[in-house]
Amino acid sequence: MKLALVTGGTRRLGAAIAARLAADGYALALHAHDHPEPEGVEGRVFTADLENAEEGRGLIPRVTQGYGTPPSLLVHGGSSGIGVGAIQ
């Protein structure tokens with residue numbers, strides 16, 4: 001199984017990326033911070049606040065447990081209020 005985890009995958013750009021991956025045969029694990037209803041894309045939704053280190057670290061293990069396999073592709077399709085400088 002090809003499994004993609006798309007952060008921010010329930011809305012806007014993340015949902016568009018997820019839809020394309022689904023068309024290419026990927027099963028979808030869709031991350032959402034606080035909007036768990038996917039917009040126009042089907043997949044299993046996993047909620048987590050990625051600004052919280054503990055929740056962020058737990059996301060991939062929860063996806064792996066939910067699907068029985070780790071994701072083979074991780075796409076960051078989400079956005080946040082932090083700038084790139086804050087990540088460095």
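The side chains of Thr7 and His76 are joined by a polar contact of 2.7 Å; such a contact is a pair of N or O atoms within 3.5 Å, where within protein one must be able to donate a hydrogen and the other to accept it, and residues adjacent in sequence count only if both atoms are side-chain atoms. The model is predicted, so local features need pLDDT of at least 70 and side-chain atom pairs count only at pLDDT 80 or more, while totals for chains, interfaces and linings use all residues. Residues are numbered from 1 along each chain as its sequence is written, and side-chain values use heavy atoms, with hydrogens and water left out.

**Thr7**

- Thr7 belongs to strand E1 (residues 3-7); strands (E, at least two residues) and helices (H or I, at least four) are DSSP runs, numbered from the N terminus.
- Thr7 counts as buried because its relative accessibility is 7%, where buried means under 20% relative accessible area, exposed over 50% and partly exposed in between (1.4 Å probe, protein chains only).

**Aromatic rings**

- There is one aromatic pair, counted when ring centres of Phe, Tyr or Trp (its six-membered ring) lie within 6.5 Å; planes under 30 degrees apart are stacked, over 60 edge-to-face and the rest tilted.
- Phe46 and Tyr67 make up this tilted pair, at 6.4 Å centre to centre and 40 degrees between the planes.
- The pair links distant parts of the chain, with Phe46 in strand E3 (residues 44-47) and Tyr67 in helix H2 (residues 53-67), 21 residues apart.
- Phe46 and Tyr67 are both buried.

**Charges over rings**

- Arg44 lies over the face of Tyr67, 4.1 Å from the ring centre; the rule asks for NZ of Lys or CZ of Arg within 6 Å of the ring centre and within 35 degrees of the ring normal.
- The charged end of Lys2 sits over the ring of Tyr26, at 4.5 Å from its centre.

**Salt bridge**

- The structure has one salt bridge, defined as a side-chain nitrogen of Lys or Arg within 4 Å of a carboxyl oxygen of Asp or Glu.
- Arg20 and Asp24 form the bridge through their side chains (3.3 Å, N to O).
- Arg20 is exposed, at a relative accessible area of 55%, and Asp24 is partly exposed, at 39%.

**Helix H2**

- H2 has 15 residues and spans 22 Å from first C-alpha to last, close to the 21 Å expected at 1.5 Å a residue; the expected span is 1.5 Å times one less than the number of residues.
- The buried residues of H2 are Leu59, Val63 and Tyr67.
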